[in-house]
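Please take me through this structure stop by stop. Tell me what to select next in the viewer and what is there.

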Amino acid sequence: MEARLNFYGSPVAAKFAKYINSAGKVITDSSLPATTQELVKIRASQINGCGVCLDMHTKDAAHAGETSLRLNLIAAWRDAKVFTEAERAALELTEQGTRLADAGGVTDDAWANAAKHYDEEQLAALVSLIALINTYNRMNAITQQPAGDYEPGQWG
């Protein structure tokens with residue numbers, strides 16, 4: 001597939017990417033566990049069908065020590081016994097936050113469950129991360145960015 005737009009070749013797009021990458025650094029530097037961050041990025045990208053982000057985040061997670069078993073079971077997290085209750089709560093919030101139009105928003109139960117496992121700073125990071133990965137997914141889908149050539153650590 002040929003990309004519709006060279007995102008970093010366009011002054012407007014490159015400037016936008018610079019700002020959202022800075023927002024991503026705020027989340028990366030937060031107290032939200034790094035493992036949870038990668039699980040959230042992968043699950044939202046699975047739902048949105050973003051090959052670029054799936055390529056990047058599964059490679060980054062594996063490079064950071066995530067097991068292939070857990071990576072292979074993210075889409076089936078409800079049935080898999082390899083995720084903690086906190087990770088399950090984050091994945092549920094991710095799914096509902098990604099599928100806003102499908103289910104009518106995030107339920108009070110999903111929010112309360114996440115709030116049992118994460119403090120206010122972590123919840124803020126989690127919500128921000130869900131919004132951010134959905135932004136990246138949409139940019140890549142709209143511009144048809146190709147997947148498959150990412151190397152861990154390449155962009156950060």
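A residue is called exposed when its relative accessible area is over 50%, and buried when it is under 20%. Keep those cut-offs at hand for the stops below. Keep in mind, too, that this is a predicted model.

**Stop 1: a loop glycine**

Select Gly65. Look for the loop between α3 (51-63) and α4 (68-73). The relative accessibility of Gly65 is 55%, so Gly65 counts as exposed. Gly65 and Thr35 lie 30 residues apart in sequence, while their C-alpha atoms are 9.3 Å apart in space.

**Stop 2: the whole chain**

Zoom out and colour by secondary structure. How many helices and strands are there in the protein chain? The chain has eight helices and zero strands. Read from the N terminus, the order of elements is α-α-α-α-α-α-α-α. The radius of gyration is 15 Å, close to the 15 Å that the globule rule gives for 156 residues, so the chain is as compact as a globular protein of that length.

Turn the model along its principal axes. The C-alpha atoms fill a box of roughly 45 × 30 × 30 Å. Of the 156 residues, 42% count as buried. Next, consider contacts between residues at least 6 apart in sequence. Of these, 68% join residues at least 24 apart.

**Stop 3: helix α5, at Gln96**

Select residues 85-98, which make up helix α5. Then pick Gln96 within this helix. Is Gln96 buried or exposed? Its relative accessible area is 12%, so Gln96 is buried. Show its neighbours next. Leaving out residues up to four places away in sequence, Gln96 touches Gly105, Val106, Thr107 and Ala110.

**Stop 4: helix α5, at Thr98**

Stay in helix α5 and select Thr98. Thr98 has a relative accessibility of 8%, which means that it counts as buried. Which residues does Thr98 touch, not counting those up to four places away in sequence? They are Ala44, Ile47, Asn48, Ile130, Asn134 and Arg138.

Pick out Asn134 from that group. The side chains of Thr98 and Asn134 are joined by a polar contact of 3.1 Å. For another distance, select Thr58. Thr98 and Thr58 are 40 residues apart in sequence, and 18 Å separates their C-alpha atoms.

**Stop 5: two cysteines**

Select Cys50 and Cys53 together. How many disulfides are there? The count is zero. Cys50 is in no disulfide, and its nearest cysteine sulfur, that of Cys53, is 3.5 Å away. Cys53 is likewise in no disulfide, with the sulfur of Cys50 as its nearest at 3.5 Å.

Cys50 has a relative accessible area of 3%, so Cys50 is buried. Cys53 also counts as buried, at 3% relative accessibility.

**Stop 6: a charge and a ring**

Last, select Lys18 and Tyr19. The charged end of Lys18 sits over the ring of Tyr19. That charged end is 5.9 Å from the centre of the ring of Tyr19.

Terms used. Residues numbered from 1 in each chain as written. Predicted model: local features only at pLDDT ≥ 70, side-chain atom pairs only at ≥ 80, totals over all residues. Heavy atoms only, no water. Helix = DSSP H or I, 4+ residues; strand = E, 2+ residues; numbered from the N terminus. Buried < 20%, exposed > 50% of the residue type's maximum accessible area, 1.4 Å probe, protein only. Contact = heavy atoms within 4.5 Å. Polar contact = N/O pair within 3.5 Å; in protein donor to acceptor, adjacent residues only side chain to side chain. Disulfide = S-S within 2.5 Å. Lys NZ or Arg CZ within 6 Å of the ring centre and 35° of its normal. Rg over C-alpha atoms; globule rule 2.2 N^0.38 Å.
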